[in-house]
Amino acid sequence: MKLKIVAGLFLMAAVGNAYCETLMSNGQSISVNLINKGTTSISNCAEYVALRKEGETVKDYPGLSDPDFREAQDALINCYLSAYANENVLKEVTPSLTALSVANIVEHFPAQAALAISDEEVAKLKKNFIGKTIIDTAPDLKYDGARMISTKTDSGYMVWNRRAFKDSAGKMYSFITLSSFPLSGTYAALRTYQILSEEEKVWTIKEVTENSPL
């Protein structure tokens, strides 16, 4: 246990500068409502990790536009992934861009990860697409050079981010941030998933949020 703690502290020191970098592209802090402490501002990953270590969870992001909300939430999830790697003594590696391409994602991610804007659409996916993949919800999905798009269901998908880590035994931990959006309108969603298994056609995945356990 001592070896793991020392290694974790070494890794944290190695990425210390990154932990202190600003999170938003405009340089501003992220204002969040916390479950226990009310409203506070988070300027960098170190502050986020400290709050999480105190047992805090993020309730919401007051006053942010949709694009700023997506950027803020994505920034904190990336902080979480870095902290998760440090806690578990994982080394970040370059993920496979081919295996984790958007085409592979829509062919293998469960349908429950498909675009759903309303609670009714979420319920429909859960009821009608058990054991199916995203592409089963929109069979006409085609690659356009950066995205998979469906004109029939007015939906599109793009891999927003990929991160991968390995432990000392060589076990891989793969994470994908998937952007889903209608082709018309300005709505978009970013959701991050850990790929737990690729053994079946429908991969086993787990959603990761800024409040996932460290």
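Visitor: Which residue in the hairpin of strand 7 and strand 8 takes a positive phi near 90 degrees?
Guide: A heads-up: this is a predicted model, where local features need pLDDT of at least 70, side-chain atom pairs count only at pLDDT 80 or more, and totals for chains, interfaces and linings use all residues. Residues are numbered from 1 along each chain as its sequence is written, and side-chain values use heavy atoms, with hydrogens and water left out. Helices (H or I, at least four residues) and strands (E, at least two) are DSSP runs, numbered from the N terminus. This hairpin has five residues between its strands, and the residue with that phi is Gly170.

Visitor: How many bridges pair strand 7 with strand 8?
Guide: Strands count as paired if DSSP finds at least two bridges between them. Along this pair, Asn161 stands opposite Thr177 in strand 8. Strand 7 (residues 155-166) and strand 8 run antiparallel, and their bridges number 11.

Visitor: And on to strand 9: what is the bridge partner of Ser179 there?
Guide: Strand 8 also pairs with strand 9 (residues 189-197), antiparallel over seven bridges. The hairpin joining them has six residues between the strands, with Gly185 at a positive phi near 90 degrees. In strand 9, Ser179 is partnered by Leu190.

Visitor: Why is strand 8 described as largely enclosed?
Guide: Buried means under 20% relative accessible area, exposed over 50% and partly exposed in between (1.4 Å probe, protein chains only). Strand 8 (residues 172-182) is largely enclosed by the rest of the structure because its buried residues number 10 of the 11.

Visitor: In the open sheet, what is the order of the strands?
Guide: Strand 1 joins strand 2 through five antiparallel bridges, and Ile30 stands opposite Ile42 in strand 2. Strand 2 (38-42) and strand 3 (58-60) are the edges, each with a single partner strand, so one side of each has no neighbour in the sheet. The three strands, paired antiparallel, follow the order 2-1-3.

Visitor: At about what angle does helix 4 run to strand 1?
Guide: Axes are lines fitted to C-alpha atoms (for helices, over the stretch in contact, meaning heavy atoms within 4.5 Å), and angles run from 0 to 180 degrees between N-to-C directions. Helix 3 lies across strand 1 and strand 2, at about 145 degrees to strand 2. Helix 4 lies across strand 1, strand 2 and strand 3, and its angle to strand 1 is about 75 degrees.

Visitor: What is the relative accessible area of Val89?
Guide: Val89 is in the loop between helix 4 and strand 4 (91-93). Its phi is near 55 degrees, a positive value in a residue other than glycine. Most residues other than glycine have a negative phi. Val89 is partly exposed, with a relative accessible area of 26%.
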